[in-house]
Number of protein chains: 2
Amino acid sequence: MAGKKSQVVVIGGGTGTFVVLSGLKSAASNAKNPLGLAITAIVTMMDSGGSTGRLRDQYGVLPPGDIRQALVALSDSDELWRKLFLYRFEEGDFRGHNFGNIFLAALERISGSFQKALYMAQEVLQTQGSVIPVTLKQANIVAHLTDGTVIHGERLIDEQDERAPIVRIALEENVEPNPEAAQKLLEADVIVVGPGDIYTSILPNFLFPEVATAYQNSHAHKIYIANLMNKKGQTDNYTLQQYIDAFKPYLGERPFDTIIINSTPVPHEQLTYYKEHGETPIINDISQPAHDMRIITGDLLSPNRPVISASDVARSMVRHDPHRLAKTLLQLIHV
Amino acid sequence: MAGKKSQVVVIGGGTGTFVVLSGLKSAASNAKNPLGLAITAIVTMMDSGGSTGRLRDQYGVLPPGDIRQALVALSDSDELWRKLFLYRFEEGDFRGHNFGNIFLAALERISGSFQKALYMAQEVLQTQGSVIPVTLKQANIVAHLTDGTVIHGERLIDEQDERAPIVRIALEENVEPNPEAAQKLLEADVIVVGPGDIYTSILPNFLFPEVATAYQNSHAHKIYIANLMNKKGQTDNYTLQQYIDAFKPYLGERPFDTIIINSTPVPHEQLTYYKEHGETPIINDISQPAHDMRIITGDLLSPNRPVISASDVARSMVRHDPHRLAKTLLQLIHV
């Protein structure tokens with residue numbers, strides 16, 4: 001591949017995508033051994049909860065939260081800028097809002113264009129790579145449950161309720177995708193899917209037929225990074241096979257070439273915490289993958305347990321290690 | 001002055017200082033005829049009302065509002081950045097807050113330093129000149145009225161109440177000034193005082209003995225720009241002589257070398273509006289200035305009536321014209 005950069009596309013949203021992008025970006029910009037990687041993040045735009053949901057409701061802007069995380073993951077600017085964009089006000093008028101969300105919302109209001117806001121954020125954060133919103137229209141998802149219930153909007157689907165299992169998700173209304181998303185998938189050498197909540201962060205990207213078709217038609221090496229823990233209300237007690245099966249209605253019978261899954265046991269203390277909240281680790285129940293899919297296992301657990309904010313402890317208990325994940329991915333990318 | 005830039009220091013806060021700085025900055029960076037001007041703004045830090053007051057109360061930060069206006073006035077960056085810093089949210093969680101205030105508050109919280117926040121804002125706004133907070137400590141003012149009442153805090157002093165006239169203002173507690181403020185005044189070739197509300201924007205800067213002494217000891221040409229309109233509750237029906245007299249307790253018997261006052265009548269429509277709100281134009285009642293002070297009159301009224309925001313109509317009805325003001329000042333600066 002000398003002379004040509006490998007086009008790596010990471011598709012998802014949220015913290016899982018942040019971890020993958022951070023690891024790849026760090027590896028790609030290692031001064032001693034610069035790699036020929038061009039990184040693109042395709043990011044879900046269906047979040048309707050928390051700070052992002054309030055900004056959508058109150059200011060009519062597109063959801064900034066997942067974009068903000070991807071921008072910061074790829075940022076090459078001073079640490080203070082990255083801290084600023086991730087900074088979450090814990091009290092007062094701005095309680096629960098991240099500065100980066102306020103930045104993107106204000107700029108979209110002033111310029112009338114989410115893309116212009118995104119461009120200025122990329123400039124100030126010196127983003128190495130592209131961040132592509134999967135759509136530039138207001139979009140929402142619905143979840144259909146086995147008992148016939150339909151849940152409207154990402155915020156409610158994301159609530160950790162006791163409820164019937166999810167059968168499928170869909171767009172609430174048909175809206176256009178961002179044509180750049182399909183284009184980048186077609187041009188990719190490698191596509192990394194996940195980790196992340198499949199029904200609220202990963203699969204929403206593939207609800208646009210143009211995006212799902214481009215993914216299926218792409219000649220890229222398609223890699224799925226399995227989550228560490230199941231998500232209550234979304235993927236209760238799912239095994240790895242159930243995750244793979246969940247992708248099939250959207251991406252066909254052979255959604256991936258390679259599946260990466262952590263093999264290190266989650267430490268007892270965190271396991272207890274998660275179990276109390278009805279969440280269990282994902283079991284690798286695939287010994288003979290169908291359709292020549294390959295499974296790679298390894299110690300991918302982060303030794304750190306970063307607490308993003310006081311109000312966000314639960315979400316930050318167990319994480320993939322960005323460097324170990326990147327190392328595993330780079331062996332597959334062969335740069 | 002060939003080879004050496006004229007050091008111009010503008011001292012005040014609020015919209016008046018914004019207008020003077022904008023005019024001077026525009027003249028100084030005129031590409032066809034670049035002037036040898038080094039502009040410094042010394043800015044009051046006693047605001048306790050509105051967005052700024054809420055940020056002080058809720059986040060314990062230093063007041064960002066006046067600093068934000070000075071930074072934007074001296075900004076050389078894209079118009080979108082300047083618009084962003086001045087952008088005021090009119091509804092929702094951020095109602096009444098300017099983006100620039102949120103930026104400075106978040107950065108001060110993260111870095112623990114108002115100066116670091118100021119430095120980053122100067123960098124992103126490409127500020128031409130320096131913006132010097134008069135203090136880097138939390139400071140508040142009190143106003144003593146003729147009937148013995150004491151009003152605590154800028155917010156309450158700024159309210160347009162019916163009340164006894166102000167005798168004097170003072171610091172609520174003694175705090176250190178920013179040593180750079182006194183230094184810049186001593187080094188100045190020209191010092192421009194005002195326009196602006198004298199008790200809430202201008203005089204608060206001179207309540208620090210070090211600042212007032214540096215001003216008095218400075219060999220700079222000292223210029224006062226008189227306001228266009230009186231301020232209800234602060235300077236009701238003041239004449240120009242009363243304004244000059246109001247400075248004397250803080251700056252001595254000859255506070256200025258030159259006084260600039262607009263001579264064009266305020267248009268009937270605005271005059272009516274102001275009169276309904278108990279505010280009148282300032283009358284020039286000085287025919288023979290004492291102590292060789294010079295008075296310069298001219299048409300300094302802006303033909304525009306910028307409305308900064310829907311909630312801010314009253315404050316934006318009558319303005320000095322930045323270019324006419326700068327032209328008048330430059331004739332005195334002799335660059």
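Visitor: Which residues in α3(A) meet which residues in α5(A)?

Guide: First, the ground rules. This is a predicted model, where local features need pLDDT of at least 70 and side-chain atom pairs count only at pLDDT 80 or more, while totals for chains, interfaces and linings use all residues. Residues are numbered from 1 along each chain as its sequence is written, chains are lettered from A and ligands numbered from 1 in the order in which they are written, and side-chain values use heavy atoms, with hydrogens and water left out. Now the general idea: contact means heavy atoms within 4.5 Å. Helices (H or I, at least four residues) and strands (E, at least two) are DSSP runs, numbered from the N terminus. Here, A:G65, A:I67, A:R68 and A:L71 in α3(A) meet A:G100, A:N101 and A:L104 in α5(A). These contact residues divide into three nonpolar, three polar and one charged. Ala, Val, Leu, Ile, Met, Phe, Trp, Tyr, Cys and Pro count as nonpolar; Asp, Glu, Lys and Arg as charged; the others, Gly among them, as polar.

Visitor: At what angle do helix α3 and helix α5 of chain A pack?

Guide: Axes are lines fitted to C-alpha atoms, for helices over the stretch in contact, and angles run from 0 to 180 degrees between N-to-C directions. Helix α3 (residues 65-73) and helix α5 (residues 99-111) of chain A pack at about 110°, with axes 9 Å apart. α3(A) and α5(A) are therefore roughly perpendicular. That label covers 65 to 115 degrees; under 35 is roughly parallel, over 145 roughly antiparallel, and the rest oblique.

Visitor: In what order do the seven strands of the open sheet lie?

Guide: Two strands pair if DSSP finds at least two bridges between them. In chain A the order is β3-β2-β1-β7-β8-β9-β10, with parallel pairing. The edge strands, β3 (130-133) and β10 (294-298) of chain A, each pair on one side only. Within this sheet, three bridges join β8 (residues 221-225) to β9 (residues 258-262) of chain A. A:I223 stands opposite A:T258 in β9(A).

Visitor: Is the pairing in the three-strand sheet of chain A parallel or antiparallel?

Guide: Antiparallel, in the order β5-β4-β6. Three bridges join β4 (residues 141-145) of chain A to β5(A). The bridge partner of A:H144 in β5(A) is A:V150.

Visitor: By what turn can chain A be laid on chain B?

Guide: Copies are superposed by least squares on the C-alpha atoms of residues with pLDDT of at least 70 in both. Chain A goes onto chain B by a turn of 180° and a shift of 0.0 Å along the axis, with an RMSD of 0.0 Å. The two copies are thus related as by a two-fold rotation axis.
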